[in-house]
Amino acid sequence: VALRHRFEGDEAFDELLTSNKQMILDGFTHQDVPFEAVVEAVQPARSLNHQPLVQVMFVLQNTGNEGGKGLETAFEGIEAEAFGNDARLNGKFELSINIAETPDGLAGGLHYATQLFDEKTAERIAAMYGRLLRAIAKAPQTSIMQLPLLSANERHELITGFNDTAEDYA
């Protein structure tokens, strides 16, 4: 189901969630329509550089996990475990986040277009997503513009390190 939301920037995450609830429920009434049929009906401007309509996909598998277990990784205090790989998802989108409910909690994976992202960038994206989820769980009433994506070190490097361009001139 392709969904679009325009953020105002000052709304709290819990308010955003509430305001999107009906849009999401309405979208699920059309979940059986193939994505290709939606693209054909909308007829967006086509480009060979990216998928039509959406470039990022989020998948929540909450009807049972059919994937296997394997690689275990940790992202700043979040335990992650690979849960199978649906080859149909690989390469279709620039980025896809796949989350599945398991008996032990949520498990997730990140698929990315290797033409656009290298492994290190994908790891940073996963770490940012984990940081964002922890912040939302801790304080869901926080404005979405105030939710952290960067670690303290990354923020310092971005604001201070990259702007340290002072030069002495004669």
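**Notebook: charges and helices**

I am working with a predicted model, where local features need pLDDT of at least 70, side-chain atom pairs count only at pLDDT 80 or more, and totals for chains, interfaces and linings use all residues. Residues are numbered from 1 along each chain as its sequence is written, and side-chain values use heavy atoms, with hydrogens and water left out.

Asp 14 is partly exposed, at 32% relative accessible area (buried is under 20%, exposed over 50%, partly exposed in between, with a 1.4 Å probe and protein chains only).

Next I turned to helix 3 (residues 119–138): its 20 residues should span 28 Å at 1.5 Å a residue, and the end C-alpha atoms agree at 29 Å apart. The expected span is 1.5 Å times one less than the number of residues. I noted buried residues in helix 3, among them Ala 122, Gly 130 and Ile 136.

Arg 124 also sits in helix 3, and I have Arg 124 down as partly exposed at 39%.

How many salt bridges did I find? The count is one, taking a side-chain nitrogen of Lys or Arg within 4 Å of a carboxyl oxygen of Asp or Glu. Arg 131 pairs with Glu 154, with the closest N and O atoms 3.5 Å apart. Arg 131 is in helix 3 and Glu 154 in helix 4 (residues 152–161), so the pair ties together parts 23 residues apart in sequence. Arg 131 is buried at 9%, while Glu 154 is partly exposed at 23%.

Terms used
Helices (H or I, at least four residues) and strands (E, at least two) are DSSP runs, numbered from the N terminus.
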